[in-house]
Each structure stands twice: as structure tokens, then as C-alpha cells.
Amino acid sequence: MMPVHYKLLNTMNIRRDTADHIISIIVKHRRALFIICAAFSLAVSLFNDALYLLGGPDAISTTEKPFVMCDRPTPLNYAIHPKMTQQVTYSGEPFVPQWPTQKKLLLLRKDDYLFGHIGNQINSLLHAYDYARDHQLELGTTFHGWVIEAIQFMGYESNDNKELRNEIRNELGITIIRNSTDLVGYDEVIQLSAKDLYFYKSPGDNWESNMNFHIGILRRIFLRYNRALGYAHHGLRAINVCRTIDDLFHGSGSSMKYTVIHSRFMEGRAQFKLNQLAKTSGLTPKGALEMSPKYIRMILKPLGMLEHPIVLFSDGELPSVEEGLLRDPVIGPKLIVLGNKTSLTGPDTTLAMLSDVYIGNPASVTSGYIARSRHALGYNEEQTYMFRKEHKDNWISVCNEKCIFNPWVMSTNL
């Protein structure tokens, strides 16, 4: 009888010989095997293409996942279409920044000065889409101007300007005009400034269609949010929009529950604008203007948010807001004051956009931008408070979350 160790050794030799034989076959026929693998890969690709051509973009299944920004999960679910990587889908609906056009161009020129704050500039950009769609115009801009500045306030950092131009064209529907040669082929070029576009209002009652388009554009920008890994158009390192969250919560920002209050007085203009908004929306002006402890408590207590940090952004022009909240025995110990900010940076804006609860002032265009952004990211009207009315001894919400997009409500502030 053969000893056990000889049997094991013989088995190991047989296996080694078999492996050597397989390897020699692979080496000998590697060209044929490579061709077979390539053919299989091509067949899979052609099959997917056939599905797309026969059934449209939704014929290929996409898997949606929660959008995480600055390590904070948002309510937004999204998917990147596997065959058309520029097509981002939301709840199965693809968004493509395209519309019927003629051989005419709306050129968003470089202005002599930067118009307003980021809220003004984003409004101007979104209204540029409205104008282009209303008049069947292509949309173009110069590389160093307010449009790219507004986009890169939050996203689209890059290490390659050529690649950035392609991305902005494919993903945002804006052509970068480098010189007069790029204008050849257009029958007409219309130039409008940021200020011109800020006051543009689409004719008719198609604001909800515009709203959905605006949401698609905002989502695309947020999906490309800046982490200071690339550069902005002016050649400087892009700003990490997560910086304020990181600095404030020291690494626990992903799970930290917090509220942001945005108080704005605007040299007295806020009072006038709120009075106008009261006529169109039904809000009570003193709520958003004074941000009293009672007003804040009535919002946060039912949500269980009085036990968590409360961040106050203020322009510092109404000291009674900060003083009243600091003196309050419930709110005061939780309050973090980031005051004297007449304008918010990208990181500050991100902190507000990603808060569990946001209490803003609809008289402020930046507050409006934050509220629209939160709607685009899936936050609902129980998480964003802009329009409140005093009713008996309580504050109730008036005008739903779409009001911030409605030009007939926001006529003084769009």
C-alpha cells in the first residue's frame, strides 16, 4: 500500500501538471482568447445600445442612491445613466438641459462689475435659461465672467479648462465662447447683462416648468460640489464648500443635527420687501424680520430640534435678534453666532443648505437661493421655513415650498 504522504505528493504533482498545461494553452492561444473576450464585451455593449435605441434612456436600468454632500446624506436620490453619463436621473426621470433652438445665441457677457450677491447671480443665471428657452436661443458665455463665477461658487472645480468647457456644455447646456471665431454660424447674437436677466420674467403662467428646469440645473451643480481638489476659472484653488461644516462640528458634521437661522435687515430694505411679500403670500413680516425666541421655539419644539445646535447667520444690522436669542434660556445655550455677514461664502451657504432645519428671510435673495437649493436637494416644507403667518397665539406656515419659485409671489425678489 502506498504511504499517505506519497499519495498526497502524487496528487499535488498531477494538479501542478494540470495547471501548467492550462497556462501553456492560455499562452499559446492568448490572441484568440483576447479576441473572444473583446467580442463578448462588444456584444454586451451593442446589446445595451440596442436597448437604448429601442426603448429610450430608461430602457437600461439605473440604480438610484442617496446623494451625500460634505458627508451629509440628503433626501435626494439620484442615478447616473450607465450609457449616457451626462444624464442624471431623479426618480426615473432624466434631466437634459436641451430645448428647441434656432441659429441664434444669447451671450452672457462679462460685466464691468459683479452684480449683487450669489443669490442675485444665480437668479440671473436661471433667468438666462428662461429667456433662452422662451426665445429658442442657444446659451453662451465668456470663460472669465459672472456666469462661471456663479457656477463655481458651489461646484465644477477642474484641473483642465478644456475638459471644463466640455462639461459645462454637455451638463449645463452653456457654450463657452472663446473668441469671435466661435460666433461664426450664428444668425444673431443677443447680449444681456446679469442685471438685465435678473429682472426678466417669462410671459404667461409657465413658472412651474421653469421651476423644474431650475431644479435640474441646481442639482447638476451640487453633484459637482467643490472640495478644493481643483481650480476655479481665475486660476486659484477652488474653495472647499464643506469647510464651515468641518470647522464648526470638528469631524462630526455627517451625523450632527442642527438648525440654521438666517437673519437679514438689509439697511431697512427687508421690512419693505416683507411688506410686499405679505400681500402676495400672506406671511406676517415681523416673524422673518425679528426672529424672536418665541417664533424660533414654535418652529423647533415640535421637531425636537431645541436640543441640538442652532447656528445664526446675521448681517449684524438688527442686534436685537442676536441679543434676544442669546438671552433665551432654551435657545441661548445652543446658539452659535456667525454674525456681521452681509453676504455668505460658499461654505456658509452649504452649511445652511444642508441643515436639518432652515429658518430664512424671504426678503433676502441669498435666503431665497438657499431655500430653492434645499427644495432641489429634497428637503420638504417641514424642514425649510420661509413664509409664516401669526395666527392667534401661534405661527403657521402659509404658501407651500414652491412659493419661493413663483415669480408672482416673489415679484419683488426675483
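Biologist: Which backbone nitrogen does the side chain of D111 reach?

Modeller: This is a predicted model, in which local features need pLDDT of at least 70, side-chain atom pairs count only at pLDDT 80 or more, and totals for chains, interfaces and linings use all residues. Residues are numbered from 1 along each chain as its sequence is written, and side-chain values use heavy atoms, with hydrogens and water left out. At 3.1 Å from the side chain of D111 lies the backbone nitrogen of A194.

Biologist: Is D111 buried or exposed?

Modeller: D111 belongs to the loop between β5 (104-108) and α3 (118-134); helices (H or I, at least four residues) and strands (E, at least two) are DSSP runs, numbered from the N terminus. Buried means under 20% relative accessible area, exposed over 50%, and partly exposed in between, with a 1.4 Å probe and protein chains only. Because its relative accessibility is 16%, D111 counts as buried.

Biologist: Which residues is D111 in contact with, leaving aside its neighbours within four places in sequence?

Modeller: Contact means heavy atoms within 4.5 Å. L192 is 81 residues away along the chain, yet the C-alpha atoms of D111 and L192 are separated by 9.3 Å. With the sequence neighbours left aside, the contacts of D111 are W146, S193 and A194.

Biologist: Which residue is the bridge partner of L108 in β8?

Modeller: Two strands pair if DSSP finds at least two bridges between them. β5 and β8 are joined by five bridges in the parallel sense. In β8, the partner of L108 is L192.

Biologist: Which strands stand at the edges of the sheet?

Modeller: The open sheet has four strands in the order β7-β6-β5-β8, with parallel pairing. Each edge strand has a single partner, so one side of it is left without a neighbour in the sheet; these strands are β7 (174-177) and β8 (188-192).

Biologist: Which residues have the most contacts inside the largest nonpolar core?

Modeller: In soluble globular proteins, nonpolar side chains tend to be buried together. A nonpolar core is a set of buried Ala, Val, Leu, Ile, Met, Phe, Trp, Tyr and Cys residues joined through side-chain atoms within 4.5 Å. L106 touches, among others, A128, I190 and L192. The largest core has 105 residues, and those with the most contacts inside it are M69, L106 and I359.

Biologist: What percentage of the residues of the chain count as buried?

Modeller: The chain has 14 helices and 15 strands. Of its 414 residues, the buried share is 47%.

Terms used: Polar contact = N/O pair within 3.5 Å; in protein donor to acceptor, adjacent residues only side chain to side chain.
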